[in-house]
Amino acid sequence: MANMNLLQAINNALDIAMASNDKVICFGEDVGVFGGVFRATSHLQEKYGRDRCFNTPLVEQGIIGFANGLAAQGSVPVAEIQFADYIFPAFDQIVNEAAKFRYRSGNLFNVGGLTIRTPYGGGIAGGLYHSQSPEAYFAHTPGLKIVVPRNPHQAKGLLLASIRDPNPVLFFEPKRIYRASVGEVPEEDYELPLGQAEILQEGEDISLLAWGAQMETVEKAAAMAQKEGISCEVIDLRTIVPWDIETVTRSVMKTGRLIVSHEAPLTGGFAGEIAATIQERCFLYLESPIARVTGLDTPFPLVLEKEYMPDHLKIFEAIKQSVNF
Amino acid sequence: MDTQERTINTPDFTAGDALQIATYQVLAQDGTVIPGAVVPELDEAQALKIYRAMVFTRVLDERMLAAQRQGRLSFYLQSTGEEATTVGFAAALDDSDMIMAQYREQGALAYRGFSVEQFMNQLFGNDLDYGKGRQMPIHYGSKDLHYMTISSPLATQIPQATGYAYGQKLAGNKACTVTVFGEGAASEGDFHAALNMAAVLKVPVIFLCRNNGYAISTPSSEQFASDGVAPRAVGYGMKSIRIDGNDVLAVVKAMQKARKLAVEQNEPVLVEAMSYRLAAHSSSDDPSGYRNKAEEDKWRAKDPILRMKNWLLKQAWWDEAQEKQLYESIRPQVLEAMKRAQQRPSPPLEALITDVYDRPPAQLEAQLEALRSHLDKYPEAYPKSAGGAARG
């Protein structure tokens, strides 16, 4: 085991993926010599050459269009979009092309080898255009998988699984904890399963569900609730699509209460989808309404970022309200 | 490449039309080779193969438009007037070169041997359609013939072709990718992304623009202010050529040279074929609302099929009896294949949920089961599946 931060774990996963399969190719803006603006691709060009790790021109729709063609050819592209806020020029290539490639061709062609990595989320004083969590836009499009890791160990295993999954995967990296999240990471090659949630903490009174950087916040709220005698079950969804309905359902049947938290705005956020499904599955087991603790229905702010964020205090209040409903 | 260092001391602007690109032409309309023109190497067998594919495409288009008008088909797109380009480019390629086309390139598929049955199965979306009845008519694809399944969003295939060709280069294949698009699609951001990336990354891709005058009703004069599409490639740092798209010999020769540059030098190339969309944009369009008959007649006089026929006659590789026999053999083939395709069943109900992912997730299986129960209750309301008939 080695001590790594989240970025180092991602770099390590890319290194292993490229070493174990010479079809794996990493590219994006500043990805080559510089190693990406966050250094996720450091040293990969030195090790694997300019053909397999390179800078592209500054053109997101081109990067993903190129990646789609490369994947259709049989290569395994890992394309980086520098910030998730800038993924929208590539929206058409993702939702109309990558997501539908296999379906529309009757499986004659597919882009299953494609992985798109992109840093997402707030808490970095990034303002409107360096803070967004756009996962819900993509969750509405069948054909994509969406994965969000919470720490270095998870990031490495989930990224390796994403690269090797035979479907196009959007891999959202929580940039707020890129360097802050440090932990033990096995040096060898390993994968963690996509589509499976993980229960981080067993509890009896209420289920708390989140993903990515929000896990830290939820765990903090759970610790506060513990002091008040409230026992929280903490679940990391890990994969947004396809999401693990069974694990969440079992948990809510046990606790009778659910809070879902994400940084993205409330309206149309993925918490709404989870709430609808869980009330359908668990209606007679629910002791209180399913609650959502999320960002506001505004663009992401700069100066009042702390107020905007669904922090541990907001979650703690929601826990008390739910338990005392 | 460094930007040039030369400086000037008066503010002289470079005009938008500073680069005027001439059109490469080989054949006059009467089938004579223009004196001094560089002619492609084309033997009799290949010339006749090209011609047969062009005629097949013309006849297929006529019959299928008629079928659409009779209500047998929901939609159709003709390539009338552009057959020299759409067949000629394929004839200049190796069969293993990838084609990523737009939607008016059935001629290339016909040249590569897509059978009349395969065309019909797609057009009617039956159980033998490779696309499993998911896309509108004319969205063909064939893995065996290296022809990427057509996608409706415009120009998306252009950067994909750059990526595909990059993969071919890395794999060490002596092959290239050709992507085809109209002059309207060349306005999309995808076009610019694709050319710039191809030039920078030195990718063996050929960008073939069919400049056929119209994007639905928008004439090219309202599409761009530049001298067509060809000069743009020069701006991105790649070679570019403009050709007479109704002149099959010019198409074949230019594409042969483009392929050599792509495959041997990893140089991307742009080819702009000047032609005219003689028919409507699609069966849903009526060009009489935006252009006049005189203009169409002017282009009808430049019919690419007639031009090639004139040349073949002069070569003594063709005669009127063969011509008659060719048309007479294709028409019944098309009609019989159409009947057979129409009579086949719809794709199985499972085709609703397969291929979204490599395997249907549990949620999709559950949705299909719920649907099955519903269909069982109201079989008469769902004639395509007939309450179970299409369940395979």
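Me: Which helix of chain B holds both Arg300(B) and Glu296(B)?
Reply: In this predicted model, Arg300(B) and Glu296(B) form a salt bridge whose closest N and O atoms are 3.8 Å apart, which falls within the 4 Å cut-off. The two residues are four apart, about one turn of the helix, and the element that holds both is helix 9 (residues 293-300) of chain B.

Me: Which residues are linked with Arg300(B) in a network of salt bridges?
Reply: Side chains of opposite charge can pair when their charged atoms come close. Glu296(B) forms a salt bridge with Arg300(B), and the network that holds this pair also includes Arg291(B), Lys293(B) and Asp297(B). The residues linked with Arg300(B) are therefore Arg291(B), Lys293(B), Glu296(B) and Asp297(B).

Me: How many residues apart in sequence are the parts that Asp355(B) and Arg134(B) tie together?
Reply: The side chains of Asp355(B) and Arg134(B) meet in a salt bridge of 2.8 Å, N to O, and both residues are buried. Asp355(B) lies in the loop between helix 11 (320-343) and helix 12 (362-377) of chain B, while Arg134(B) lies in the loop between helix 4 (116-123) and helix 5 (157-171), so the pair ties together parts whose separation in sequence is 221 residues.

Me: How many salt bridges does the rule find across the interface of chain A and chain B?
Reply: Over all chains, the count of salt bridges comes to 41. The contact between the chains takes 44 residues from chain A and 41 residues from chain B, and across this interface there are 19 residue pairs in polar contact, both residues being at pLDDT 80 or more. For salt bridges across the interface, however, the rule finds zero.

Me: Which helix of chain A gives the most to the side that touches chain B?
Reply: The area buried between chain A and chain B is about 3400 Å², of which carbon and sulfur atoms give 64%. Strand 3 (53-55), helix 3 (60-73), helix 4 (91-97) and helix 5 (101-104) of chain A each supply at least two residues of the side of chain A that touches chain B. With 10 residues, the element that gives the most to this side is helix 3 of chain A.

How values were computed: Residues are numbered from 1 along each chain as its sequence is written. Chains are lettered from A and ligands numbered from 1 in the order in which they are written. This is a predicted model: local features need pLDDT of at least 70, side-chain atom pairs count only at pLDDT 80 or more; totals for chains, interfaces and linings use all residues. Side-chain values use heavy atoms; hydrogens and water are left out. Contact means heavy atoms within 4.5 Å. Buried area is the accessible area (1.4 Å probe) that two parts lose on being put together, summed over both. A polar contact is a pair of N or O atoms within 3.5 Å; within protein, one must be able to donate a hydrogen and the other to accept it, and residues adjacent in sequence count only if both atoms are side-chain atoms. Buried means under 20% relative accessible area, exposed over 50%, partly exposed in between (1.4 Å probe, protein chains only).
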